[in-house]
Amino acid sequence: MPQTKQQLRSTIAAKRKMLDADWIEDASAKAIENLQSLPAFQSAKTVALYMAIGGEVRLEPLFAECWRLGKTTCIPVFNSSTRLYEMAEITENTRFETGNYGIPEPVAPNPVAIQEINLMVVPGVAFDASGNRLGRGGGYYDRLLDGFSGDIVAVAFDFQILPQIPCDSYDRPVQIIATETKNIKVRNER
Ligand SMILES: Nc1nc2c(c(=O)[nH]1)N(C=O)[C@@H](CNc1ccc(C(=O)N[C@@H](CCC(=O)O)C(=O)O)cc1)CN2
Ligand SMILES: Nc1ncnc2c1ncn2[C@@H]1O[C@H](COP(=O)(O)OP(=O)(O)OP(=O)(O)O)[C@@H](O)[C@H]1O
(Lines give C-alpha, C1' and ligand atoms only; values in the text may rest on other atoms or scores of the structure.)
(Ligands and ions follow the chains in the order given, each with its own letter.)
Protein backbone atom coordinates (compact mmCIF):
# COMPACT_ATOMS: atom_id res chain seq x y z
CA MET A 1 0.00 0.00 0.00
CA PRO A 2 1.45 3.42 -0.87
CA GLN A 3 2.51 5.41 2.17
CA THR A 4 0.81 8.70 3.00
CA LYS A 5 2.82 11.94 3.06
CA GLN A 6 2.87 11.80 6.86
CA GLN A 7 4.15 8.19 6.89
CA LEU A 8 6.88 9.03 4.38
CA ARG A 9 7.92 12.04 6.48
CA SER A 10 8.39 9.90 9.60
CA THR A 11 10.21 7.10 7.71
CA ILE A 12 12.72 9.59 6.31
CA ALA A 13 12.97 11.49 9.61
CA ALA A 14 14.03 8.25 11.33
CA LYS A 15 16.77 7.72 8.71
CA ARG A 16 17.94 11.32 9.06
CA LYS A 17 18.30 10.95 12.82
CA MET A 18 20.83 8.15 12.27
CA LEU A 19 23.20 10.24 10.13
CA ASP A 20 26.37 11.46 11.74
CA ALA A 21 27.69 14.97 11.23
CA ASP A 22 30.81 13.84 9.31
CA TRP A 23 28.76 11.81 6.85
CA ILE A 24 26.38 14.75 6.29
CA GLU A 25 29.27 17.15 5.72
CA ASP A 26 31.01 14.83 3.26
CA ALA A 27 27.88 13.83 1.31
CA SER A 28 26.68 17.45 1.27
CA ALA A 29 29.97 18.58 -0.26
CA LYS A 30 29.55 15.98 -3.04
CA ALA A 31 25.94 16.99 -3.72
CA ILE A 32 27.03 20.64 -3.94
CA GLU A 33 29.77 19.72 -6.44
CA ASN A 34 27.19 18.02 -8.61
CA LEU A 35 24.93 21.07 -8.37
CA GLN A 36 27.80 23.38 -9.34
CA SER A 37 28.33 21.44 -12.58
CA LEU A 38 24.84 22.38 -13.80
CA PRO A 39 24.38 25.15 -16.41
CA ALA A 40 21.39 26.37 -14.35
CA PHE A 41 23.79 27.09 -11.50
CA GLN A 42 26.59 28.49 -13.64
CA SER A 43 24.33 30.97 -15.43
CA ALA A 44 22.36 32.09 -12.36
CA LYS A 45 23.12 35.56 -11.02
CA THR A 46 20.77 35.31 -8.04
CA VAL A 47 20.44 32.01 -6.23
CA ALA A 48 17.98 31.11 -3.47
CA LEU A 49 19.50 28.75 -0.90
CA TYR A 50 18.45 27.68 2.59
CA MET A 51 19.98 27.25 6.05
CA ALA A 52 20.05 23.50 6.66
CA ILE A 53 18.34 21.97 9.67
CA GLY A 54 17.93 18.37 10.88
CA GLY A 55 19.66 16.07 8.38
CA GLU A 56 19.27 18.30 5.31
CA VAL A 57 22.04 18.72 2.75
CA ARG A 58 24.24 21.46 4.21
CA LEU A 59 24.96 24.40 1.93
CA GLU A 60 27.65 26.46 3.73
CA PRO A 61 30.32 25.80 1.05
CA LEU A 62 27.79 26.71 -1.65
CA PHE A 63 27.08 30.14 -0.10
CA ALA A 64 30.85 30.77 -0.13
CA GLU A 65 31.21 29.59 -3.74
CA CYS A 66 28.29 31.80 -4.86
CA TRP A 67 29.87 34.87 -3.23
CA ARG A 68 33.26 34.03 -4.76
CA LEU A 69 31.56 33.91 -8.18
CA GLY A 70 29.77 37.23 -7.55
CA LYS A 71 26.31 35.70 -7.28
CA THR A 72 23.65 37.12 -4.97
CA THR A 73 22.29 34.62 -2.43
CA CYS A 74 19.05 34.70 -0.48
CA ILE A 75 17.07 32.43 1.86
CA PRO A 76 13.42 32.17 2.95
CA VAL A 77 12.59 34.41 5.91
CA PHE A 78 9.31 34.16 7.78
CA ASN A 79 7.01 37.19 7.67
CA SER A 80 5.02 36.94 10.88
CA SER A 81 2.27 39.32 9.66
CA THR A 82 1.46 37.36 6.50
CA ARG A 83 2.65 34.03 7.98
CA LEU A 84 4.40 33.36 4.67
CA TYR A 85 8.05 33.01 3.74
CA GLU A 86 9.71 35.73 1.68
CA MET A 87 13.25 35.87 0.29
CA ALA A 88 15.97 37.97 1.93
CA GLU A 89 19.58 38.51 0.86
CA ILE A 90 22.46 36.79 2.65
CA THR A 91 26.00 38.16 2.40
CA GLU A 92 29.27 37.39 4.15
CA ASN A 93 28.34 40.09 6.67
CA THR A 94 24.78 38.99 7.47
CA ARG A 95 24.13 38.60 11.18
CA PHE A 96 21.73 35.80 12.07
CA GLU A 97 19.22 35.11 14.81
CA THR A 98 17.15 32.00 15.42
CA GLY A 99 13.93 32.36 13.44
CA ASN A 100 10.72 30.42 12.86
CA TYR A 101 11.11 26.60 13.31
CA GLY A 102 14.56 27.26 14.81
CA ILE A 103 16.00 28.12 11.39
CA PRO A 104 18.60 30.94 11.32
CA GLU A 105 17.30 34.17 9.72
CA PRO A 106 18.96 37.56 9.18
CA VAL A 107 18.53 40.06 12.03
CA ALA A 108 17.75 42.84 9.51
CA PRO A 109 16.29 41.18 6.39
CA ASN A 110 16.99 42.81 3.03
CA PRO A 111 14.15 41.61 0.73
CA VAL A 112 14.82 39.99 -2.66
CA ALA A 113 11.92 39.86 -5.15
CA ILE A 114 11.04 36.37 -6.38
CA GLN A 115 11.33 37.59 -10.00
CA GLU A 116 15.01 38.45 -9.41
CA ILE A 117 15.86 34.85 -8.54
CA ASN A 118 17.25 32.74 -11.40
CA LEU A 119 17.72 29.49 -9.51
CA MET A 120 15.93 28.13 -6.48
CA VAL A 121 17.82 25.38 -4.62
CA VAL A 122 15.17 23.61 -2.58
CA PRO A 123 15.38 21.19 0.33
CA GLY A 124 12.92 18.37 0.78
CA VAL A 125 12.13 15.32 2.80
CA ALA A 126 11.79 13.02 -0.23
CA PHE A 127 11.65 13.14 -4.04
CA ASP A 128 10.77 10.80 -6.88
CA ALA A 129 12.10 10.46 -10.44
CA SER A 130 9.29 12.68 -11.75
CA GLY A 131 10.57 15.51 -9.58
CA ASN A 132 7.72 15.38 -7.12
CA ARG A 133 8.77 16.86 -3.83
CA LEU A 134 7.63 16.08 -0.31
CA GLY A 135 8.43 18.91 2.09
CA ARG A 136 8.13 19.30 5.84
CA GLY A 137 4.43 20.01 5.49
CA GLY A 138 3.85 23.73 5.76
CA GLY A 139 3.34 24.17 2.02
CA TYR A 140 5.75 27.13 2.25
CA TYR A 141 8.00 26.17 -0.66
CA ASP A 142 4.95 25.25 -2.74
CA ARG A 143 3.76 28.83 -2.24
CA LEU A 144 7.21 30.37 -2.86
CA LEU A 145 7.46 28.36 -6.07
CA ASP A 146 3.93 29.29 -7.13
CA GLY A 147 4.94 32.64 -8.63
CA PHE A 148 8.43 31.53 -9.66
CA SER A 149 9.47 31.01 -13.29
CA GLY A 150 13.22 30.34 -12.93
CA ASP A 151 15.05 27.04 -12.49
CA ILE A 152 14.23 24.71 -9.60
CA VAL A 153 16.95 22.32 -8.46
CA ALA A 154 16.63 20.14 -5.39
CA VAL A 155 19.49 18.83 -3.26
CA ALA A 156 19.03 15.59 -1.37
CA PHE A 157 20.82 12.43 -0.29
CA ASP A 158 20.26 9.24 -2.32
CA PHE A 159 18.18 7.64 0.44
CA GLN A 160 15.62 10.44 -0.01
CA ILE A 161 14.89 9.41 -3.61
CA LEU A 162 11.88 7.10 -3.59
CA PRO A 163 10.05 5.26 -6.38
CA GLN A 164 6.94 7.38 -6.02
CA ILE A 165 5.69 10.26 -3.91
CA PRO A 166 2.04 11.18 -3.47
CA CYS A 167 1.51 14.63 -4.98
CA ASP A 168 -1.24 17.22 -5.07
CA SER A 169 -2.16 19.74 -7.75
CA TYR A 170 -0.37 22.58 -5.91
CA ASP A 171 2.95 20.68 -5.70
CA ARG A 172 5.52 22.14 -8.11
CA PRO A 173 7.92 19.48 -9.47
CA VAL A 174 11.67 20.17 -9.44
CA GLN A 175 13.70 19.92 -12.68
CA ILE A 176 16.89 18.33 -11.38
CA ILE A 177 17.86 16.64 -8.11
CA ALA A 178 21.54 16.88 -7.14
CA THR A 179 22.60 14.08 -4.77
CA GLU A 180 25.97 12.93 -3.43
CA THR A 181 26.33 10.48 -6.35
CA LYS A 182 24.60 12.11 -9.34
CA ASN A 183 22.41 14.74 -10.91
CA ILE A 184 18.99 13.26 -11.57
CA LYS A 185 17.37 14.93 -14.57
CA VAL A 186 13.67 14.66 -14.03
CA ARG A 187 11.42 12.96 -16.56
CA ASN A 188 8.87 15.53 -17.67
CA GLU A 189 5.70 13.56 -17.37
CA ARG A 190 3.50 15.72 -15.21
N1 LIG B 1 16.23 24.53 5.93
C2 LIG B 1 14.97 24.70 5.60
N3 LIG B 1 14.46 25.92 5.54
C4 LIG B 1 13.15 26.09 5.23
C5 LIG B 1 12.31 24.97 4.94
C6 LIG B 1 12.88 23.67 5.00
O7 LIG B 1 12.24 22.64 4.74
N8 LIG B 1 14.21 23.59 5.33
N9 LIG B 1 10.99 25.18 4.62
C10 LIG B 1 10.22 24.37 3.79
O11 LIG B 1 9.08 24.57 3.57
C12 LIG B 1 10.38 26.40 5.14
C13 LIG B 1 10.13 26.19 6.63
N14 LIG B 1 9.23 25.12 6.85
C15 LIG B 1 9.30 24.24 7.88
C16 LIG B 1 8.19 23.48 8.15
C17 LIG B 1 8.19 22.58 9.20
C18 LIG B 1 9.32 22.43 9.97
C19 LIG B 1 9.37 21.44 11.10
O20 LIG B 1 10.32 21.41 11.86
N21 LIG B 1 8.39 20.58 11.24
C22 LIG B 1 8.42 19.53 12.22
C23 LIG B 1 7.11 18.80 12.32
C24 LIG B 1 5.91 19.68 12.29
C25 LIG B 1 5.85 20.68 13.39
O26 LIG B 1 6.30 20.39 14.52
O27 LIG B 1 5.30 21.77 13.12
C28 LIG B 1 9.43 18.49 11.83
O29 LIG B 1 9.74 18.36 10.61
O30 LIG B 1 9.95 17.81 12.74
C31 LIG B 1 10.44 23.18 9.69
C32 LIG B 1 10.44 24.09 8.64
C33 LIG B 1 11.27 27.56 4.86
N34 LIG B 1 12.64 27.32 5.25
N1 LIG C 1 0.35 27.21 -3.75
C2 LIG C 1 -0.35 27.08 -2.62
N3 LIG C 1 -1.28 27.98 -2.26
C4 LIG C 1 -1.99 27.84 -1.14
N5 LIG C 1 -1.85 26.81 -0.29
C6 LIG C 1 -0.95 25.88 -0.57
C7 LIG C 1 -0.15 25.96 -1.74
N8 LIG C 1 0.66 24.90 -1.76
C9 LIG C 1 0.40 24.19 -0.66
N10 LIG C 1 -0.58 24.75 0.06
C11 LIG C 1 -1.12 24.23 1.35
O12 LIG C 1 -0.06 23.84 2.19
C13 LIG C 1 -0.38 22.62 2.88
C14 LIG C 1 0.83 21.73 3.01
O15 LIG C 1 1.20 21.20 1.74
P16 LIG C 1 2.21 19.97 1.61
O17 LIG C 1 1.87 18.91 2.60
O18 LIG C 1 2.31 19.61 0.17
O19 LIG C 1 3.56 20.69 2.09
P20 LIG C 1 5.05 20.42 1.66
O21 LIG C 1 5.24 20.65 0.22
O22 LIG C 1 5.41 19.08 2.17
O23 LIG C 1 5.79 21.54 2.54
P24 LIG C 1 6.87 22.66 2.19
O25 LIG C 1 6.55 23.20 0.83
O26 LIG C 1 6.70 23.67 3.27
O27 LIG C 1 8.19 22.03 2.25
C28 LIG C 1 -1.49 21.96 2.10
O29 LIG C 1 -2.53 21.65 3.00
C30 LIG C 1 -1.94 23.00 1.08
O31 LIG C 1 -3.31 23.29 1.27
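1. The shell around ligand 2 divides by class into 4 nonpolar, 4 polar and 8 charged residues, where Ala, Val, Leu, Ile, Met, Phe, Trp, Tyr, Cys and Pro count as nonpolar, Asp, Glu, Lys and Arg as charged, and the others, Gly among them, as polar. This is a predicted model, in which local features need pLDDT of at least 70 and side-chain atom pairs count only at pLDDT 80 or more, while totals for chains, interfaces and linings use all residues. Residues are numbered from 1 along each chain as its sequence is written, chains are lettered from A and ligands numbered from 1 in the order in which they are written, and side-chain values use heavy atoms, with hydrogens and water left out.

2. Ligand 2 is surrounded by 16 residues, of which the closest are R9, R133, G135, Y140 and D142; a residue belongs to such surroundings if one of its heavy atoms lies within 4 Å of the molecule. Oxygen atoms of ligand 2 lie 2.8 Å from a polar side-chain atom of R9, 2.6 Å from a polar side-chain atom of R133, and 3.0 Å from a backbone N or O atom of G139. Of the 650 Å² of accessible area that ligand 2 has on its own, the protein covers 73% (areas from the Shrake-Rupley method with a 1.4 Å probe).

3. The elements that give two or more residues to the shell around ligand 2 are α1 (5-17), β9 (133-134) and α5 (140-146), and α5 provides the largest share, 5 residues. Helices (H or I, at least four residues) and strands (E, at least two) are DSSP runs, numbered from the N terminus.

4. Ligand 1 has around it Y50, M51, I53, E56, Y85, Y101, I103, P123, R136, Y140 and Y141, and by class this shell holds 9 nonpolar, no polar and 2 charged residues. A nitrogen atom of ligand 1 lies 2.7 Å from a backbone N or O atom of M51, and a nitrogen atom of the ligand is also 2.7 Å from an N or O atom in the side chain of E56. An oxygen atom of ligand 1 is 3.2 Å from an N or O atom in the side chain of R136, and the protein covers 68% of the 670 Å² of accessible area that ligand 1 has on its own.

5. Q160 is buried, with a relative accessible area of 1% (buried means under 20%, with a 1.4 Å probe and protein chains only), and a polar atom of the Q160 side chain lies 2.7 Å from the backbone nitrogen of F157.

Note on methods. Polar contact = N/O pair within 3.5 Å; in protein donor to acceptor, adjacent residues only side chain to side chain. Buried < 20%, exposed > 50% of the residue type's maximum accessible area, 1.4 Å probe, protein only.
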